[in-house]
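Have the structure open and follow along.

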Amino acid sequence: WIHFFSSMPSEKAARRVCVSYPVEVRDVQPESPPGVSAQARTVARIGPGRGLFLTEAVKGGDTILVDDPVMIYVDEGKKRNTCANCFRMKAGNKGELPCSCGTCGQAWFCSTECQAASARATPGQGHSPQECALLHKMSRMSKRLGGQEGITLARMLIKAALIKAHDTVRWRQLQDLCAPDGLEDHACDWGVLCLRITELGGECAALGGAQARLVLQRDASNGMGILSKMEEGEEPSLRAGCLYGTCSMLNHACSPNVARFDDFDSADEGNMKVMIRALSDMDAGTELRMNYLSILVGVEERQKRLLDEYGFKCECDRCHLESLFPDDESEDEEQDGKGKASSGAKQPQPTPTEEEEDRRNALALWIAKYSCPAEDCGGTMAPVEGAEEKHEAGSVKRRKLSDSTDDAEDVLGGGGGGGGVFKQQFS
């Protein structure tokens, strides 16, 4: 799950930037990386299946698309201070929201207006009477769902079951997303969870265990997280998970060429929309890729998390380059106070060439250009009319693009998405 933050203009403003979204979905079948056999590629699940490609050239900072969520579900641990209708959080991220559902006791709202609107929503959106009844049944078996993680996924499956029964368009969008094998969450037993969900009856019984597992797989490989508001010194945590119909098809790149911008706590209508913005100029035919983690994450942690969380091994140019300079990562860990004792003797590393040294320096400049300078943020910045814009703690920060980083983009291929990046399927 990735988390980028930014001030997001209204949909009308975004459409002025790009009146018709210049993207299309294509199959992506790259060749195996050097030294990886076809059999090993299959076992390691390397390689994307579909992706988003530009149909026309765009400039850095252009809004390429604005996307609405197909399905949103509240995290069990944040249900008391996250509105079940608009998904905004309680100011200060402390205490309960003022309104709650007296029937199921599983949904809270920021206002009576949100509560009333939620009850009128199409089942699968908001907090409909059908969802209320299923959540009430779920609460009575919560101890058998595998802890907080299992309950959160049960909430998601209830949403999916209602969408399947009552919203043909959204259900088709969910089915269009890829459901790769091998991504089962280790925090709970998916098989048990699917069985328990069907025991709720009604729409959940109609969903069935097989379809429930496919929904879990789609969420694991395509889901985007919505972070909670963070007080100073707090660790990031999720308030909700969501699936989007179009931007969920974006494949990963360690050096991306687009970033996701959002403002989930905006008072404007449509606060759950996300905007995909170009980091640099791109030609028609370019595949759009974003970083699933943060561009600041080091190669060792990045490769481990991509394999564990998304089921693919990254073999991109950036990963190869950074693996030649392991001392860079260990120095970063020491500066962050997170370094760990070595479990054994260090393996000898090949001596980098002068060209590789130059590419490392260019990569460092590129990261400095596009990473948010705010401490403990990890957000990605994108140009906006000659400035970079970033939303953090309710304010918009801008800084001019540095001319000194232009050479970095030349080396890195115009801001990311370099060749050799492989992914299972994010679509």
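Arginine 305 and glutamate 309 form a salt bridge, with their closest N and O atoms 3.2 Å apart. In this predicted model, the two residues are four apart in helix α9, so about one helical turn separates them. Arginine 305 counts as partly exposed because its relative accessibility is 27%, and glutamate 309 is also partly exposed, at 33%.

Helix α9 runs over residues 299-310 and spans 15 Å from its first C-alpha to its last, close to the 16 Å expected. Which residues of α9 are buried? They are Val299, Arg302, Leu306 and Tyr310. These residues cover an arc of only 60 degrees around the axis, so they sit on the same side of α9. The face turned away from that buried side carries Glu300 and Lys304, which are exposed. Just after α9, glycine 311 adopts a positive phi of about 80 degrees.

Arginine 302 has a salt bridge too, with glutamate 322 as its partner. This pair links α9 to helix α10 (residues 317-323), across 20 residues, and both of its members are buried.

Elsewhere, aspartate 265 pairs with arginine 239. Aspartate 265 lies in the loop between β10 and β11 and arginine 239 in strand β8, so the pair ties together parts 26 residues apart in sequence. Aspartate 265 is partly exposed at 26% relative accessibility, while arginine 239 is buried at 3%.

| Salt bridge | Closest N and O atoms |
|---|---|
| Aspartate 265 and arginine 239 | 2.7 Å |
| Arginine 302 and glutamate 322 | 2.8 Å |
| Arginine 305 and glutamate 309 | 3.2 Å |

The whole structure holds 18 salt bridges.

Definitions and conventions:
Residues numbered from 1 in each chain as written. Predicted model: local features only at pLDDT ≥ 70, side-chain atom pairs only at ≥ 80, totals over all residues. Heavy atoms only, no water. Expected span 1.5 Å × (residues − 1). Buried < 20%, exposed > 50% of the residue type's maximum accessible area, 1.4 Å probe, protein only. Arc of directions from axis to C-beta. Salt bridge = Lys/Arg side-chain N within 4 Å of Asp/Glu carboxyl O.
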